[in-house]
Amino acid sequence: MTGQASQNGVQVNQGLVMGGAVLIGLGGLLGFAGVMLLSSAVVSATRRWLQQLERPPREIARLRMQQMRAATSAGAEAWRGGSPSRS
């Protein structure tokens with residue numbers, strides 16, 4: 001060698017890199033649009049389902065909580081021996 005440094009670096013085709021980046025960006029936008037459409041459809045269906053219920057979910061939850069409390073206190077009272085057992 002006569003003092004000239006040879007530069008054998010990797011050469012990347014910038015056109016292909018830019019094209020790939022553009023396609024990835026477009027794919028991301030299409031994916032985002034798909035997610036938005038899907039979530040909109042799910043939210044709309046959930047709203048329609050909630051409107052068709054006889055009782056609102058809050059009222060059903062309150063009723064179940066009252067039933068749970070009554071059953072818990074009855075079970076605790078029976079465990080303490082508050083009611084005679086039938087044999």
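**A serine and its helix**

Analyst: Ser73 lies in helix 2, which covers residues 57–79; helices here are DSSP runs of H or I with at least four residues, strands are E runs of at least two, and both are numbered from the N terminus. Before going further, please keep in mind that this is a predicted model, where local features need pLDDT of at least 70 and side-chain atom pairs count only at pLDDT 80 or more, while totals for chains, interfaces and linings use all residues. Residues are numbered from 1 along each chain as its sequence is written, and side-chain values use heavy atoms, with hydrogens and water left out.

Back to Ser73: its side chain reaches the backbone oxygen of Ala70 at 3.0 Å, a polar contact (N or O atoms within 3.5 Å, one able to donate a hydrogen and the other to accept it; residues adjacent in sequence count only if both atoms are side-chain atoms). Ser73 is partly exposed because its relative accessible area is 45%, given that buried means under 20%, exposed over 50% and partly exposed in between (1.4 Å probe, protein chains only).

Charged pairs come next. Side chains of opposite charge can pair when their charged atoms come close. The whole structure holds 2 salt bridges, each defined as a side-chain nitrogen of Lys or Arg within 4 Å of a carboxyl oxygen of Asp or Glu. In one, Glu77 meets Arg80 at 3.7 Å, N to O; Glu77 counts as partly exposed because its relative accessibility is 42%, whereas Arg80, at 62%, is exposed. In another, Glu59 pairs with Arg55, the closest N and O atoms being 3.7 Å apart. Glu59 is partly exposed at 34%, and so is Arg55 at 40%.

How does the rest look? The protein has 2 helices and 0 strands. Helix 1, with 39 residues, reaches 57 Å between its end C-alpha atoms, close to the 57 Å expected. Asn13 caps the N-terminal end of helix 1, with a side-chain oxygen 3.1 Å from the backbone nitrogen of Gly15.

Leu26 is found in helix 1 (residues 14–52) and counts as partly exposed because its relative accessibility is 46%. Together with Val22, Leu23 and Leu29, Leu26 forms a nonpolar surface patch of about 420 Å² accessible area.

As for the protein overall, 0% of its 87 residues count as buried.

Note on methods
Patch = residues over 30% accessible without salt bridge, like charges linked within 9 Å, V, L, I, M, F, W, Y side chains within 5 Å. Areas by Shrake-Rupley, 256 points an atom, 1.4 Å probe, with all protein chains shown as cover. Expected span 1.5 Å × (residues − 1).
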